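Dear colleague,

I am handing over the structure below, followed by notes on what was found in it. Please read them alongside the coordinates.

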Amino acid sequence: MPEIFIAFSYKDVLFLLQGAILTIALCAMAFSCGLFVALLIGLMRAARKIIVLRWVAGTYVEIFRGTPLMMQIFIAYFGLSILGLQLPRFVAVSVPLILFTGAFMGEIVRAGIEAIPRGQREAGWSLGMTYGQLMRYVVAPTAVRIMIPPTVGFLVQLVKGTSLAYVVGYIELTRAGYIVSQSTYATMLVFTLVGAIYFGINYPLSLASQRLEARLKRHA
Amino acid sequence: MSYTFHWEVPLQNMSLFLWGAAATLQMSGVAVLLGLIIAIFCALGRLSKRRFLRVPAAAYVETIRNTPFLVQLFYVYFGLVAIGINLDAFTVAILTLTINCGAYCTEIIRAGIQSIHRGQTEAGLSLGMTHWQVFRYVILMPTLRTVWPPLASQFIATMLGSSVVAVISAEELTYAGMLLESRTFRTFEIFFVIAILYFAMARAFSLLFSLTGQRVFRQAWGQL
């Protein structure tokens, strides 16, 4: 083995774990902020009377579902700098992931709201509830339960999606793996480890999503 | 904002992008078709009573579905080199996309097979249908009808996901953009136009699949 390569050591494992922590942090950021966007989009999509709201939210969802996440990351990342915003890298990478989460979770929110029988909402209206009360006390208790299994499933997608932060040079798990593999030449070992870490994060989530869905079906 | 947009850069290079779009479609089309063949076998494996068929099929599906495509791509790309096989990036991209797509399609096909009850076959036979008629009208068509919409979505997901293969320099639409970007540095304009192209392809195929589905299965469906 040529001299320029450094032997794979525990330090590289630590570097990978550091990357894994950033991957999880990116996910947490995207999910927590994306949830607010999703709530807004979901409520707009489920609005029956105001067509403009539905149309705007529908277009938003279509755009994010109809373009590659990689393009979204490129456009948002370079678009932010064109706007003259000097953001920390973590934030700049988070923005497209937040918008992406907003679109996909927005559909989950909408499906949750629309699963509530119409009569329940009408009953709420006729009791003189406001829109806020209706959503909070009539729709939310059931809708949230319906939303949980697909949400956990979406988290798997989001964890996988953060790997694309690689393309703008953000050192999350995949980029960390790439760097280690190039410096140590232990390529297969490194990517097996990287894959195993992703699997370790995602598999429990996948299982949980399946179980929750089965349970929901039993109770329905 | 003191940035001057140069939209003429991507617009003057439309022919490069259209060539890239054709490569993207070719790549994802081949991957989905080959993926489907893998999927049919794996779905039968997952539903098998035999453990030695069920376990590997499940392991394959779960491994692929729980790791990012980019990592799979690196794994195949560097892995093939490590065992002494040198393939060009385009072939590696198709290979990885096929492996990836196969796992997702397995779940779709499995759901399709499970949607047919044994009693339906027996009902068909007792109505005096021949075995061929039972296969065609009771098994094949309803299964296809069930799997058609998710397969269409899977094709679109594969097409959009294939943009990632530009990372290993496989020549398709995103790579065409990166090529132009490295010469002109008009990153935003270039990828904006490319995103529109992807969007147009996604919408067009969504519509195409939904129309084909309606025609073939003579049933009104909503948007795919």
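Helices (H or I, at least four residues) and strands (E, at least two) are taken as DSSP runs, numbered from the N terminus. The model is predicted, so local features need pLDDT of at least 70 and side-chain atom pairs count only at pLDDT 80 or more, while totals for chains, interfaces and linings use all residues. Residues are numbered from 1 along each chain as its sequence is written, and chains are lettered from A, with ligands numbered from 1, in the order in which they are written.

Chain A has eight helices and zero strands, and its C-alpha atoms fill a box of roughly 80 × 45 × 25 Å along the principal axes.

Where chains A and B touch, each residue pair being in contact if the C-beta atoms, placed from the backbone, lie within 7 Å, chain A contributes 31 residues and chain B 31 residues. On the side of chain A, two or more residues come from each of α3 (69-82), α6 (131-162), α7 (173-184) and α8 (187-219), and α8(A) supplies the largest share, ten residues.

Within chain B, the axes of α5 (residues 89-114) and α7 (residues 131-161), which are lines fitted to C-alpha atoms over the stretch in contact, with angles running from 0 to 180 degrees between N-to-C directions, come within 9 Å and cross at roughly 160 degrees. The two helices, α5(B) and α7(B), are therefore roughly antiparallel, a term used for angles over 145 degrees. Among the residues that meet there are B:Leu97 and B:Cys101 of α5(B) and B:Thr143 and B:Leu151 of α7(B).

Best regards

Definitions and conventions
Two residues are in contact if their C-beta atoms, placed from the backbone, lie within 7 Å. Angles under 35 degrees count as roughly parallel, over 145 as roughly antiparallel, 65 to 115 as roughly perpendicular and the rest as oblique.
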